[in-house]
Amino acid sequence: MSASRGAIRAETLHKSFGDLHVLRGVSLTVDKGEVLVILGPSGGGKSTLLRCLNLLVYPDSGQVWVDGVLTTDPRVRPEWVREQVGMVFQSFNLFTHLRAIDNVTLGLRRVKKVPAEEAADVGTRLLERVGLGDKLREFPANLSGGQQQRVAIARTLALNPKVVLFDEPTSALDPEFISEVLDVMTSLAREGMTMVVVTHEMGFAKGVGDHILFLADGEVLEEGPARDLIDHPQRARTRAFMSKILG
Amino acid sequence: MESGLRAGDRGGQRLLRWLGIHRSLTAFVFAFIIMAVFFLYIYVLTINGEFNAQLVSDLLPAFFAGLQLTLILTAAGFTIGILLGFLTAAARVSRSRILRAVAKGYVDVFRGTPILVQILLWLTVILAIIPTYQYRLLVAGFLALTINTGAYQAEIFRGGMKAIQEGQLEAGRGIGFTRWQLMRRIQLPQTLRLIIPPMTNEFILLLKSSALLSIIGVVELAFVAGQCTVVHFLPFECWTTGTLLYLAMTVPLAKVVQFTETRFRIPGLGLPVARPRVGRAAPPAPTGRAQMAGQALTRRANGLYLFLRKRMESTRG
Ligand SMILES: Nc1ncnc2c1ncn2[C@@H]1O[C@H](COP(=O)(O)OP(=O)(O)OP(=O)(O)O)[C@@H](O)[C@H]1O
Ligand SMILES: [Mg+2]
């Protein structure tokens, strides 16, 4: 059915934590090569929505399809889904005990069972691509925040995912490091990666985002083409949010 | 006058810093000096005929046999304790409530009672089961040590596993790792590094606790020293020899481990970053918010590590 459309698609997702109804029937579709930006106030359920997309969190009800495969089907291994849907976190979450290159190749070697030399080649290429060709053998603690986040992006790309989710990838960064991460994300989008990005970087949302989804109190209040939604928000709540965030 | 004061002050600071940097070296040198003075003292006593060096050298084989048993019991007990400790720690975070309860009960019982009482209880049990077995005392003693250290090591493992940031585990799940792979590839490698110091400590504590097995007649080092005093009425010679042999095991061990830990240190994991050396420019202070967050996490890990270390030093009954 409609499942075949879109690189990633979610239908009426619900999720509660105890009494807290965090997602109240959220649906979304991202076509291949598209960038969907999710905006919304703190606590609105953005992170939870992303987590449902790669099954770090299981929705209570609703469906998710990745490339036409119904991933919320209990017969589908969640580990397999997470290989297909990469995720970049706000706090980088690099593996402290591994050098940059090993952070990138760990999944290749242990999940995809790629031989070590081949994995090292891929890892080197990816780190060069995010501008860290000279930091292959550094430990995370010796890298700046921006560098750590770029390693994290390379780590996610290593598994060759169909979709990459970004959960506020620049929120923990000092201003001077934000652009280097956004640049990497922008070129990734230009190369045709399908992306779902939670961010408050309106420049990125407008310049790189194709669609925007405004999520508040677990519901999609408004959605549409990026420029339209940023320049001409329809709902009062969206307008208030935009004017606050755009200063 | 003023400049002279400053020069002296600088010299003092230099000395302090030098002592700080070479803390372990300094400790080693002091230990060496104290030992040397001690040996000199004994030598003088020997010349005066107040220390029976002949007896000590005659009894050395017996002492070495005791030392051997002490080492074997401790090493074997500790090794099995690692497995026991790891499994118990894993059980404490498992999904099964029963497993969790059993693990917690085990840890509470064996950390909450004196090891001396545990030894006597095991002896009673073993004597009831295999009253005529040739090695019954050894079995009882070995069981007591192993089961006891297992409980302590379980807590060390648990603390070490807790010190790993939740975010890293989530990132691991995010690249398609199973629960087992998370444990094997992310949690364990970091935990094992973090727990090197408390584990070393535990080994040394266990080695010292093994002396208690002398009261049930296990012929380890302390027992040999005790026999020596009873048979030859020369307590000073006997206990001095025993003491030195214990020191000969514990001091080098602690040093070797300390060296290994520093040598294989990973930035951001465990040992705090070494202070910059004199004369070398300090690294630029990181400024980013994220770096500060990273440092806060490192600090937290270090805090936990220090806590564990202190705890393990102070909690042996
Ligand atoms: N594992 C959890 N257990 C309990 N409550 C949770 C859990 N995860 C999220 N929540 C709650 O769900 C609500 C939505 O959280 P979520 O992190 O999805 O919001 P968000 O839109 O990402 O917010 P922010 O902008 O602050 O990151 C919050 O009130 C949060 O406290
Ligand atoms: Mg969030």
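# Chatting through a two-chain model

Author: Welcome! In this predicted model, the second largest pocket has a lining of 21 residues, and Val93(B), Leu169(B), Arg179(B), Met183(B) and Gln187(B) are the ones that lie nearest its centre.

Reader: Nice, thanks! What volume does the second largest pocket have?

Author: Its volume is about 680 Å³.

Reader: Which one gives the most?

Author: That is H8(B), with five residues in the lining of the second largest pocket.

Reader: How do the lining residues divide into nonpolar, polar and charged?

Author: There are 11 nonpolar residues, eight charged and two polar in the lining of that pocket.

Reader: New topic! How many aromatic pairs are there over all chains?

Author: The count comes to five. One of them joins Phe78(B) and Phe203(B), an edge-to-face pair with 5.1 Å centre to centre and 80° between the planes.

Reader: Where do Phe78(B) and Phe203(B) lie?

Author: Phe78(B) is in helix H3 of chain B and Phe203(B) is in helix H9 (residues 196-209) of chain B, so their pair ties together parts 125 residues apart in sequence.

Reader: Are those two buried or exposed?

Author: Phe78(B) and Phe203(B) are both buried. Another aromatic pair is formed by Tyr133(B) and Tyr135(B), again edge-to-face, at 5.9 Å centre to centre with 75° between the planes.

Reader: Why does Tyr133(B) count as partly exposed?

Author: Because its relative accessibility is 40%, and partly exposed covers what falls between under 20% for buried and over 50% for exposed. Tyr135(B) is partly exposed too, with a relative accessible area of 43%.

Reader: Let's hop over to chain A. What sits over the ring of Phe95(A)?

Author: The charged end of Arg155(A) does, 4.6 Å from the centre of that ring.

Reader: And where is Thr156(A) found?

Author: Thr156(A) belongs to helix H5 (residues 145-158) of chain A. Its relative accessible area is 5%, so Thr156(A) is buried.

Reader: What does the side chain of Thr156(A) reach?

Author: It reaches the backbone oxygen of Met87(A), at 3.2 Å.

Conventions. Residues are numbered from 1 along each chain as its sequence is written. Chains are lettered from A and ligands numbered from 1 in the order in which they are written. This is a predicted model: local features need pLDDT of at least 70, side-chain atom pairs count only at pLDDT 80 or more; totals for chains, interfaces and linings use all residues. Side-chain values use heavy atoms; hydrogens and water are left out. On a 1 Å grid over the protein atoms alone, a cavity is a set of points where a 1.4 Å probe fits but cannot get out, and a pocket is an open set with protein on both sides within 12 Å along at least five of seven lines; lining residues have an atom within 4 Å of a point. Grid points are joined across faces, edges and corners, and a volume is the space filled by probe spheres set on the points. Helices (H or I, at least four residues) and strands (E, at least two) are DSSP runs, numbered from the N terminus. Ala, Val, Leu, Ile, Met, Phe, Trp, Tyr, Cys and Pro count as nonpolar, Asp, Glu, Lys and Arg as charged, and the others, Gly among them, as polar. Rings of Phe, Tyr and Trp (its six-membered ring) pair if their centres lie within 6.5 Å; planes under 30 degrees apart count as stacked, over 60 as edge-to-face and the rest as tilted. Buried means under 20% relative accessible area, exposed over 50%, partly exposed in between (1.4 Å probe, protein chains only). A charge sits over a ring if NZ of Lys or CZ of Arg is within 6 Å of the ring centre and within 35 degrees of the ring normal. A polar contact is a pair of N or O atoms within 3.5 Å; within protein, one must be able to donate a hydrogen and the other to accept it, and residues adjacent in sequence count only if both atoms are side-chain atoms.
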